[in-house]
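Here is a short report on one structure. Look over the sequence and the model before reading on.

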Amino acid sequence: MQILTPHVYWAQRHSEIFLRVDLSDAKDLDISVQENNTLQFKAQGHGAKGDNEYQFSLEFREPVRTEINHKSTQRQVDIKIRKQEERWWDRLTLQEKKPLFLAPDFDRWLDESDAEMELQAKEEEKINKISVESRVRKDPYLGLKRGYLFMYNLVQFLGFSWIFVNMTVRLFILGQDSFYDTFHTTADMMYFCQMMAVLEVINPLLGLVKTGFFPAMIQVAGRNVILFVIFGSLEEMQNKPVVFFVFYLWSTIEIFRYPFYMLACISTEWKLLTWLRYSLWIPLYPLGVLAEAVAVIQSLAIFDETRLFSVPLPALLGGSLSFSYTLQIYLVLMFLGLFINFRHLYKQRRRRFRSRKRKVQ
Ligand SMILES: CCCCCCCCCCCCC[C@@H](O)CC(=O)SCCNC(=O)CCNC(=O)[C@H](O)C(C)(C)COP(=O)(O)OP(=O)(O)OC[C@H]1O[C@@H](n2cnc3c(N)ncnc32)[C@H](O)[C@@H]1OP(=O)(O)O
């Protein structure tokens with residue numbers, strides 16, 4: 001009886017061999033690797049010579065493991081065999097002359113260097129997976145932390161947007177007249193947002209964000225002195241145009257900063273928003289500090305006059321020490337704070353754009 005041989009296609013990787021046997025609807029498969037390192041294949045199926053029994057054997061170039069992985073589909077039989085040693089073979093069979101029924105499987109074919117690159121990519125993928133998994137495992141509260149930060153940023157974004165839109169609309173409708181009652185129309189919301197902002201000092205302490213504690217403290221304390229001490233406690237300050245400029249400058253940066261953080265919480269980035277977050281402060285920060293300094297200077301005479309927060313002194317030293325002296329020291333601190341935070345933001349900007357450039361390369 002004539003022995004029919006199917007067409008067999010092969011490809012290899014460093015650790016395994018793939019065989020594709022061109023036999024459709026194969027049944028009664030008998031596939032094994034014998035002790036002499038030879039693969040024996042026998043099956044009933046539809047091949048080049050119609051429905052028949054087909055068989056072949058292949059003595060491999062180097063030792064292989066005896067366990068075989070195979071899958072029969074409607075079109076073919078796929079066989080995977082592991083090499084004993086992870087090594088690239090220069091041919092499949094021990095005999096130099098290639099059997100006639102054997103051909104390269106070009107769908108799977110890789111030469112040695114491509115296979116090495118594939119191996120490397122797989123290794124890297126494995127390492128990445130392990131590092132992501134270990135990060136998640138290390139921090140079981142990651143979802144909770146991100147959820148909290150997302151909500152915090154959302155609330156701040158809504159608060160500052162309300163202030164910004166309210167002031168802009170009033171500016172368009174009332175023109176310069178809107179400068180004089182900024183405080184009465186927006187102070188409640190600003191109080192709320194700035195009280196919440198205290199969390200921005202606590203968050204880095206709890207390790208929730210990578211922000212430095214000092215820059216955040218300077219920012220929050222600096223604004224709260226202006227809001228609660230200068231504007232909040234002196235009615236005479238509340239209808240001055242400077243309130244408009246201070247609130248407008250604060251809210252302009254925040255309507256970009258908080259959405260940027262919200263996106264960071266869901267590992268998303270919009271390039272334009274990132275650029276605005278890390279660029280707008282360049283003009284806004286000095287202008288903000290200037291407006292705040294004007295507010296402090298305008299308040300000095302009022303504190304002298306009202307003696308609010310003045311420290312009682314022995315009669316010999318002349319009654320009381322006006323709070324305006326403390327504010328004069330604070331004015332110096334403000335410019336020191338401006339310098340520290342300007343440098344911090346400049347570094348953050350460089351880090352951000354440098355790492356983005358590296359990612360693009
Ligand atoms: C007791 C005595 C006190 C004396 C103080 C006296 C000095 C007073 C001087 C005060 C001057 C203040 C003037 C100021 O009020 C004027 C103005 O504000 S004018 C308007 C313009 N202002 C600004 O542009 C400043 C805006 N503010 C800020 O940018 C921040 O508050 C600041 C702390 C200055 C810097 O932010 P940060 O360090 O957080 O930088 P990053 O945004 O790059 O964030 C670093 C990474 O942390 C992640 N992060 C941070 N916060 C969050 C959050 N809430 N949710 C999620 N993620 C967050 C962020 O994504 C970064 O991560 P990654 O590096 O992975 O991207």
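## Strand pairing

Two strands count as paired if DSSP finds at least two bridges between them. This model is predicted. Strand β1, residues 8-12, meets that cut-off with β8: three bridges join them in the parallel sense.

Two of the facing residues in β8 can be named. L102 is the bridge partner of V8. P104 stands opposite W10.

## The hairpin

β1 also pairs with β2, residues 16-21. Here the two strands run antiparallel, over five bridges. Three residues lie between the two strands, and together β1 and β2 form a hairpin.

Strands of a sheet pair through backbone hydrogen bonds, in either a parallel or an antiparallel sense. β1 shows the parallel sense with β8 and the antiparallel sense with β2.

## The whole sheet

How many strands does the open sheet have, and in what order? There are five, ordered β6-β7-β2-β1-β8, and the pairing is mixed. β6 (64-72) and β8 (102-104) stand at the edges. Each has a single partner strand, so one side of each is left without a neighbour in the sheet. On average, neighbouring strands are turned by 25° against each other, direction ignored.

## Two faces of β1

In a regular strand, side chains alternate between the two faces of the sheet. Which residues of β1 lie on the covered face, and which on the uncovered one? V8, W10 and Q12 make up the covered face. Y9 and A11 make up the uncovered face.

On the covered face, V8 is partnered by L102. W10, also on the covered face, stands opposite P104.

## V294 in α9

Helix α9 spans residues 281-306 and includes V294. A residue needs 20 or more to be buried, and 12 or fewer to be exposed.

V294 and V243 are 51 residues apart along the chain. Their C-alpha atoms are separated by 10.0 Å.

Notes: Residues numbered from 1 in each chain as written. Predicted model: local features only at pLDDT ≥ 70, side-chain atom pairs only at ≥ 80, totals over all residues. Helix = DSSP H or I, 4+ residues; strand = E, 2+ residues; numbered from the N terminus. Axes fitted to C-alpha atoms, helices over the stretch in contact; angles between N-to-C directions. Buried ≥ 20, exposed ≤ 12 C-beta atoms within 10 Å, placed from the backbone.
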